[in-house]
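Let's take a walk through this model together, one neighbourhood at a time.

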Amino acid sequence: MPLSRVEIEESPSAWPAYPAAVRGGGFVFVSGVRGAKPDGSATPVEDLPTKFTEHLQGYSLVDSMEGEATAEAWTAHDNMGKALAASGSRQDQILRQRMWQRDKRLFPVLERVRKLWQPEAAPSSGLGVRSVGGRNGNWYGIECIAVDLEDPNRLGSRQVLTPAEHAANPSASIYSQMVASGPLVFLAGHIPIRTAEPGKPVVGSYDDVPKEGRFLATGRSHPDARDGPIAAQTWFVYNEIRRALEGDGMRMEDIVHVRIYLSDLRDLAAFHRVHRHFFETDPPALCIVGFDEVGHKGCRIEIEPTALKRGSLRRESFEWRCPAPFAGPAALRAGPLLFLAGMPGIDATGRIAMDSGSVAPEHAGKIASLEKTCSSPCVPSQIWWAWRRIYEACESACVEVSQIAKTVVYLRDESDLIAYEPIRTLIAPDSAPAFDCVVVANPGPVDEAAVQIDATVLIDS
């Protein structure tokens with residue numbers, strides 16, 4: 001299943017050095033797009049179709065912020081549509097999209113626009129970031145994976161398994177909760193909101209979950225006030241995911257990859273205890289990122305799983321070649337896709353790298369020279385080790401790094417990208433994946449991490 005780069009003359013990608021999209025194996029991996037035209041100009045509000053501006057009130061100052069945000073949301077979806085069309089796909093074939101938002105207070109604007117572009121909106125996660133980054137980035141960024149309708153080897157066109165208006169547990173916004181392409185199942189990001197109850201309350205403590213969800217409770221107010229919110233929210237969300245999977249004949253053991261979005265990395269240990277409770281054996285690949293804002297109403301966590309129906313395609317885990325940083329393999333194969341765990345810059349001891357002294361001697365000089373260009377001297381060594389871990393995971397799975405289809409890089413400071421490309425090409429010179437990068441308060445999974453890379457690989461079979 002060879003990968004092919006999709007180039008567009010006026011590329012809508014926020015990252016012109018990367019392809020607008022990558023195709024392969026029946027999938028389209030779209031690079032991050034932003035809310036401006038390819039030439040960098042903003043779309044005037046008056047140029048938008050009327051249906052996208054009907055919510056504006058007609059007063060210049062009142063409408064100024066919502067008008068600009070509306071135009072950016074419209075243009076971001078238009079840019080994504082162009083990348084998909086050039087890749088043989090459409091917006092109604094998106095399996096999952098992630099939306100970066102500089103200010104989640106303006107989420108209602110994004111939702112209004114998205115509903116018109118995607119009447120049966122894709123499973124999604126909407127996350128608050130410090131900066132969407134890239135060319136022409138301001139309010140919004142979007143990246144996605146979709147079904148390639150022109151590829152004869154595709155697993156199947158998109159099938160909605162659980163729509164937004166699910167009777168027992170409606171979505172918190174406008175998105176399908178679960179869709180499939182053949183046996184691969186993509187779930188939206190789930191948050192700890194009881195959407196079926198009046199007022200849609202947030203889960204706030206052990207008191208909000210049943211007895212079986214309180215196994216970490218001590219009965220003492222101080223520790224339970226600290227660990228209780230994240231433990232209860234994690235249990236609640238995983239339990240809702242379990243119910244969603246069981247509704248389609250699947251189990252938690254069918255999850256192959258899960259992204260965890262935390263609003264406070266100090267919650268990592270308590271989250272991890274509950275996570276291990278749900279995945280005692282054969283856990284999924286795991287990516288944990290700290291975002292500036294997660295969900296709403298005081299959500300501390302959002303969980304975004306991908307599953308593979310049992311007995312359908314090959315499933316195989318590949319272990320870490322260093323002390324495991326968290327429960328789960330370094331990579332997990334699900335049919336034609338290899339999902340890598342989130343790769344922070346962990347050295348041979350399993351700890352976050354802090355300087356060039358930890359990298360291979362033949363690259364130490366190059367890494368040391370880049371330390372002076374970054375926001376922190378630790379950044380280059382962490383990028384080097386993150387890519388080294390990616391290389392090792394691909395090697396374990398007997399796949400070339402040139403088959404990496406998509407990477408999303410989380411950074412504290414966008415200026416650190418000045419070191420990213422020189423280091424990537426040291427380790428993976430032949431890789432040219434679809435790409436996105438967002439700037440967040442804590443790339444995760446721990447405070448010392450200044451970078452983390454989330455990668456998906458297409459496997460020949």
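A word on the ground rules. This is a predicted model, in which local features need pLDDT of at least 70 and side-chain atom pairs count only at pLDDT 80 or more, while totals for chains, interfaces and linings use all residues. Residues are numbered from 1 along each chain as its sequence is written, and side-chain values use heavy atoms, with hydrogens and water left out.

Let's begin with helices H3 (221-246) and H4 (residues 268-278). Helices (H or I, at least four residues) and strands (E, at least two) are DSSP runs, numbered from the N terminus. H3 and H4 pack with their axes 8 Å apart, at an angle of about 30 degrees. Axes here are lines fitted to C-alpha atoms, for helices over the stretch in contact, and angles run from 0 to 180 degrees between N-to-C directions. That angle makes H3 roughly parallel to H4; angles under 35 degrees count as roughly parallel, over 145 as roughly antiparallel, 65 to 115 as roughly perpendicular and the rest as oblique. The crossing of H3 past H4 is right-handed, a term for a near helix turned clockwise from the far one by less than a right angle, with anticlockwise being left-handed.

Which residues of H3 and H4 meet? On the H3 side they are Asp-227, Ile-230, Ala-231, Thr-234, Trp-235, Tyr-238 and Asn-239, and on the H4 side Ala-270, Phe-271, Val-274, His-275 and Phe-278. Contact means heavy atoms within 4.5 Å. By class, this contact of H3 with H4 has eight nonpolar, three polar and one charged residues. In this scheme Ala, Val, Leu, Ile, Met, Phe, Trp, Tyr, Cys and Pro count as nonpolar, Asp, Glu, Lys and Arg as charged, and the others, Gly among them, as polar.

Now move along to helix H6 (residues 378-396), which packs with H7 at an angle of about 35 degrees, their axes 9 Å apart. H6 passes H7 in a right-handed crossing. From H6, the contact draws on Pro-380, Ile-383, Trp-384, Trp-387, Arg-388 and Tyr-391, and from H7 on Ala-419, Tyr-420, Ile-423, Arg-424 and Ile-427. The contact of H6 with H7 divides into nine nonpolar, no polar and two charged residues.

Two names from that contact, Trp-384 and Tyr-420, lead us to the aromatic rings. A pair of aromatic rings is described by the distance of the centres and the angle of the planes. Rings of Phe, Tyr and Trp (its six-membered ring) pair if their centres lie within 6.5 Å; planes under 30 degrees apart count as stacked, over 60 as edge-to-face and the rest as tilted. The structure holds 15 aromatic pairs. One of them joins Trp-384 and Trp-385 edge-to-face, at 4.9 Å centre to centre and 85 degrees between the planes. Both Trp-384 and Trp-385 are buried (buried means under 20% relative accessible area, exposed over 50%, partly exposed in between, with a 1.4 Å probe and protein chains only).

Why is the pair of Tyr-420 and Phe-435 tilted? Its ring planes stand at 50 degrees, with the centres 5.8 Å apart, so the pair is tilted. This pair links distant parts of the chain, 15 residues apart: Tyr-420 belongs to helix H7 (residues 417-427) and Phe-435 to strand S19 (residues 434-439). Tyr-420 is buried, with a relative accessible area of 1%, and Phe-435 is buried with 1%. Ring pairs also bring in Trp-15 and Tyr-18, which form a cluster with Tyr-420 and Phe-435.

Next, back to H3, where Leu-245 lies. Leu-245 is buried, with a relative accessible area of 0%. Setting aside residues up to four places away in sequence, Leu-245 touches Met-178, Leu-187, Met-250, Arg-251, Met-252, Ile-255 and Ala-307. Arg-194, in the loop between strand S9 (184-187) and H3, counts as buried at 17% relative accessibility.

Finally, look at the backbone. The peptide bond from Gly-444 to Pro-445 is cis, with omega near 5 degrees. Asp-282, in the loop between H4 and strand S11 (285-290), has a positive phi near 45 degrees and counts as partly exposed at 43% relative accessibility.
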